[in-house]
Amino acid sequence: MFVVYHESVVCIRENVDNVSERTKFDSPYENTYDPPYIMSIVPNMNSLLRVDNLYARVEGKDILSGVSLAIPAGEIHFLVGPNGSGKTTLANTLMGSPQITVTAGAVSFDGEEITALPPEERAKKGLHLWFQHPAEIAGVGYMPFLRSVAASRGDTLPPEKEFRDAVAARAEELEMPVALLERNLNEGFSGGEKKRSELLQLAVFAPRFAILDECDSGLDVDGIRAAAKALQAFRDGRRSLLVITHHGALREYLHPDAVHVMARGRIVASGGEELAIAIERDGFGQFGA
Amino acid sequence: MVKLLSKISDAQALWERSDPERWVSRTGKGISQKIVEEISSLKGEPDWMREKRLAAYRFFESKQMPAWGVDLSGLNFDDITFFIRPDERRFKTWDEVPGDIRRVYDGLGIPEAEQKFLAGLVGQYESESFYGRIREKWEKQGVIFTDTDTAVKKYPDLVKEYFMTRCVPIADHKFAALHGAVWSGGSFVYIPKGVHVDLPLQAYFRMNASQSGQFEHTLIIAEEGSSVHYIESCTAPKYTKDSLHSAVVEIFVKKGASVRYTTIQNWSKNVYNLNTKRAIVEEDGKMEWVGGSLGSKATMLYPMSVLTGRGAHARHLNIALAGPGQWKDTGAKVIHGAPHTSSRVISKSISLGGGRSSYRGLLKIAKGARGSKAHVQCDALLLDEHSQSDTYPYMEIYEDDVSLMHEATVNRVTDDQLFYLRSRGLSEEQALDLILAGFLDPISRELPLDYAIELNRFIRMEMAGSVG
């Protein structure tokens, strides 16, 4: 069961100011919605991350065309969609990439508008992005990187060795080769190593909200299991995840609370896990993608 | 961070600020035989030095400007004042130093540093030095540390033997010849056999007058089995008109001796900085060049080590920073002229805000220099897409039984890298700091700690003006 938004619904939602006005939805599936995923499409709910009618442009090209989304604390949401539908741009926009221009709409985190905040301020508020293609930083050692991030967040830093041992223990838990910690940040890492590196950072930085951009592509079965195990930690009622994925394996571990379908730069449908299953079976054609 | 930035700009303002010009005598603008004679007579030099100046001047006249390297088309010798004497006296304590000069050096923290870290200090203002002192402990052991003008009078035999003779002869090239004609000031260091000076000797050169030239000559002689660390710093205030700095450094490393020459050049960005620095290293001698080239409009500098004795070793560490409007053409030259000599060159350049840095290096292994080893590493970091980096490594190898390595890398900081680091919570400056620290790590590990700290400070200052 899932809700398909039509253009008209999106327009109406902009004017909806409280929950009681939900009835204005003219969706043909109006009577089928039920919590928890419906909370994600209702404005003014107490969500950890909220996106309102977001429009954004990259290199002069409109990529996001009115994205609205709300993710309550304690939930794991999936974002799926065909290639080129704008998922990665949405992820980068949420993190505040300077290469993206937001032309309309707003992003709020924990009740506070962050649309114009630089990425580092968002990170300090607890937002995190797992990059699909993490940048390779030549010359910057992995450990010095982790330490300067910890220092920039005002953490009291333990002595270097203690810090390193703690990180190494974490890496081992996540089945990441500890030798990677002696190398430069992502430099020359294989596809799988980059995924492990992103996973380690997710675990070490322990953000309140993480956007995972294709965290599972290129990972083998063991890798997906290790990742899923770490991601389960977000089910503590306080933190949330927005997971961009193309694969069913991760869904089977995580059982998302809601699934959103993106096409042509907006969310065209939202539903429960069954929506993801339907897409795994039938593809995106049903959304006119 | 804002606080740090404002502190940095205060400090920068301090040395870019010009103080009222002071001089007791100066030549007219431009260069001619008459001006060269005038400089020599103002200094009351012996004939042999006057003759040397005039011979150098004739070479200068006959030589062409270099047709390679940085753009020198804006350099006009007719606009430059080649000699300015700020004061006739030489002082041995800071209390005697005239207030206006004293204030400049106090502001730069020099007298304080002398007390804490140094075995001796020479201070130069404009063309001549005004201060020179060495701790008694080393004076007693025969160490000489004074300005080169004084050395001409007090130690003529040493100067005659070593001054622009076999290390950097006056006919070497146009700017060496110019230097030979108008040189003034600089340090003279003599370390007797077997003496180890375990605190650094430092010289601090300040060029204050607008459109002037500074041509200090530094001569270091380390006798057999001795060791010394010499540090040189230079600054100048910012003017709208260009100035010229053309120094010569000659170093003689005798058998088993070791010399470390460290310099931080932070001339303001209207100074043409065209220097010649060279060392002759004898058997089992060790020469180490540590250089930070931060300021100036255009710099051409390729410290050279000539390894003439078996087992001689040279190490060149160089960091060049090219900011907006700057062009750095720097590098290293090593000539392996004896068996089992070794050399290591690490050169790092950072370009930002449209700056250009070039590495120009020469590595020559002469016939007969069997079993020699050379390792050259030059890395460039470009902080944005407007900046530029080039590499011109020349190698001449005339011997088979040698080991040779050359590595070169160019890295550009991309928007993706900055976004990645910022998404982790680092500000743009912190992200650049991290990248810079990583880039400089192999070289900063080799530096004495106080030097590394000072260098970092300078680099941040340079960056503060052009980043973020």
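Predicted model: local features only at pLDDT ≥ 70, side-chain atom pairs only at ≥ 80, totals over all residues.

Student: What percentage of the residues in chain A is buried?

Tutor: Of the 289 residues in chain A, 42% are buried. As for the contacts in chain A with a separation of 6 or more, 70% of them are between residues 24 or more positions apart.

Student: How should I read a pair of packed helices?

Tutor: Two packed helices are described by the angle between their axes and by the distance between those axes. In chain A, the axes of helix 5 (residues 160-173) and helix 6 (residues 191-205) come within 10 Å and cross at roughly 125°. Angles from 65 to 115 degrees count as roughly perpendicular and those over 145 as roughly antiparallel, and helix 5 of chain A and helix 6 of chain A are therefore oblique to each other. Their crossing is right-handed.

Student: Which residues of helix 5 of chain A and helix 6 of chain A meet?

Tutor: From helix 5 of chain A come V167(A), R170(A) and A171(A), and they meet L200(A), A203(A) and V204(A) of helix 6 of chain A. By class, the residues of this contact are five nonpolar, no polar and one charged.

Student: And how do I read a sheet?

Tutor: Strands of a sheet pair through backbone hydrogen bonds, in either a parallel or an antiparallel manner. In chain A there is an open sheet of four strands in the order 3-2-5-6, with antiparallel pairing. Strand 3 (61-72) and strand 6 (112-113) of chain A are at the edges and have a single partner strand each, so one side of each is left without a neighbour in the sheet.

Student: Over how many bridges do strand 2 and strand 5 of chain A pair?

Tutor: Strand 2 (residues 47-58) and strand 5 (residues 100-109) of chain A pair over eight bridges, in the antiparallel sense. For V58(A), the bridge partner in strand 5 of chain A is I100(A).

Student: Is A91(A) buried or exposed?

Tutor: A91(A), which lies in helix 2 (residues 87-95) of chain A, has 21 C-beta neighbours inside 10 Å and therefore counts as buried, the cut-off being 20 or more. Setting aside residues up to four places away in sequence, A91(A) touches L129(A), I211(A), D213(A) and I244(A). F109(A) is 18 residues from A91(A) along the chain, and their C-alpha atoms are separated by 14 Å.

Student: Where is G120(B) found, and why does G120(B) count as buried?

Tutor: G120(B) is in strand 3 (residues 120-125) of chain B, and G120(B) counts as buried because there are 24 C-beta neighbours inside 10 Å. Apart from neighbours within four places in sequence, the contacts of G120(B) are R133(B), I134(B), R135(B), F145(B) and L201(B). P200(B) is 80 residues from G120(B) in sequence, yet the two are 7.3 Å apart in space, C-alpha to C-alpha.

Student: How many residues does each chain give to the contact between chain A and chain B?

Tutor: Chain B gives 18 residues and chain A gives 24. On the side of chain B that touches chain A, helix 10 (415-423) and helix 11 (428-444) each supply at least two residues, and the largest share, seven residues, comes from helix 10 of chain B. That side of chain B divides into six nonpolar, eight polar and four charged residues.

Notes:
Residues numbered from 1 in each chain as written. Chains lettered and ligands numbered in written order. Axes fitted to C-alpha atoms, helices over the stretch in contact; angles between N-to-C directions. Parallel < 35°, antiparallel > 145°, perpendicular 65-115°, else oblique. Left-handed = near helix turned anticlockwise from the far one by under 90°. Contact = placed C-beta atoms within 7 Å. Nonpolar A, V, L, I, M, F, W, Y, C, P; charged D, E, K, R; others polar. Pairing = 2+ DSSP bridges. Buried ≥ 20, exposed ≤ 12 C-beta atoms within 10 Å, placed from the backbone.
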